[in-house]
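Here's a quick walk through one chain of a structure. Take a look at it first, then read on.

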Amino acid sequence: MDGRVICPHCSTWNIAGVDTCAQCHQSLADVQLTRKPMSRVEENLLRDRLRALGPVPPVVVGPETPVCEVLDRLVTEKIGCVLVMEDDQLLGIFSERDALLKLNADAAQLATRPVSEFMTPSVETLEFDDSIVFALHKMDLGGFRHIPLYRDGKVAGIVSIRDFFRYMVDDLIATT
Amino acid sequence: MDVELSLTTQLIHEAPIAEPLIVGPDEPVRDVLRRLQELRTGSVLVCRDDRMVGIFTERDALQLMARACREGESLFDGPIEEVMVTSPVTLTQDASIASAIRKMSEGGYRRLPVVDAQGRPQGMLTVSGIVHFLVEHFPETVYNLPPDPKLAPQEREGA
């Protein structure tokens, strides 16, 4: 990889020494001052896009859905979270963690209340074509396990730490 | 340091291992749920005389909550022993990070108790702990990312 540098913004390979990325025109000055990726794992995480994790279409519910119905879907579909959406707009996310922290032993009393009362609003999202490291960074900072992904301006998938681990095992540490 | 090498040679204690929450087998489910809520943690180990007999995670809690919506809250009155998962998959302290990732991925676990040779719980390794380990090991790659992929600066700041 000597003589080339990966753009951290769009992952295009560039000739070492150029000032800006040929693809996205972002400055490469910072990248070249720091070290280059030192291992295959690090290089792959920078290069591979989130689509490589095989994002699945999210399970979506409306904001007025009773919370007991949402709990049932989490259980029967064997998933960790649902997205709360209205007219293509992402309003929030409701995960197992929200259930534990906000419903807890009161679940039966709160069963008919709408999910919008308990969801986590202001969800962190990324794009299908963003690097995997962006998702890792967000998950570590926010303590999230799921990140919804946009494609062409619409929420089209969701990735979880589990998808990332599967990718690690399949691609990166399979030989060990 | 080569991350690939460090994944297979570094042991799990290099990753943040959380202090486990421990309860007795007779503890009522309701009290256990409340403690998980207070401590904002996703799992509890059930121990009898220092030995781990089971684990109860937020996934188990979710299933109970879904049932409680239909069958009523009396579900939470019983002892944790009746709803816990017995003999969970564990890690020993000499396990490598790579083996922990593989165990979690294959079993679909988000947390594995770390036990000593006598089966006494020493800590809890979570998926978030492993993600943190990875991020720490790519400090420049990850920490130098702009907060949003589209918000990269056009020019270097400063003179």
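Helices here are DSSP runs of H or I, at least four residues long, numbered from the N terminus. Keep in mind that this is a predicted model.

With that in hand, look at helix H4 of chain B, residues 97-107. Which residues of H4(B) are buried? They are Ile97(B), Ala98(B), Ala100(B), Ile101(B), Met104(B) and Ser105(B). Looking down the axis of H4(B), you'd find these buried residues within an arc of 160 degrees, so they line one face of the helix. Turned away from that buried side is a face with the exposed residues Glu106(B) and Gly107(B).

## The three-stranded sheet

Chain B also has an open sheet of three strands, in the order E5-E6-E7, with mixed pairing. Strand E5 (91-92) and strand E7 (121-126) sit at the edges, each pairing on one side only.

How do E6(B) and E7(B) run, parallel or antiparallel? They're antiparallel, and five bridges join E6(B), residues 111-115, to E7(B). Across from Leu112(B) you'll see Leu125(B), which belongs to E7(B).

## A loop residue: Glu19

Now for Glu19(B), which you'll find in the loop between helix H1 (3-9) and strand E1 (22-23) of chain B. Is Glu19(B) buried or exposed? Glu19(B) has 11 within 10 Å, so it is exposed.

Ala61(B) is 42 residues away from Glu19(B) along the chain, and their C-alpha atoms are separated by 20 Å.

How values were computed: Residues numbered from 1 in each chain as written. Chains lettered and ligands numbered in written order. Predicted model: local features only at pLDDT ≥ 70, side-chain atom pairs only at ≥ 80, totals over all residues. Helix = DSSP H or I, 4+ residues; strand = E, 2+ residues; numbered from the N terminus. Buried ≥ 20, exposed ≤ 12 C-beta atoms within 10 Å, placed from the backbone. Pairing = 2+ DSSP bridges. Arc of directions from axis to C-beta.
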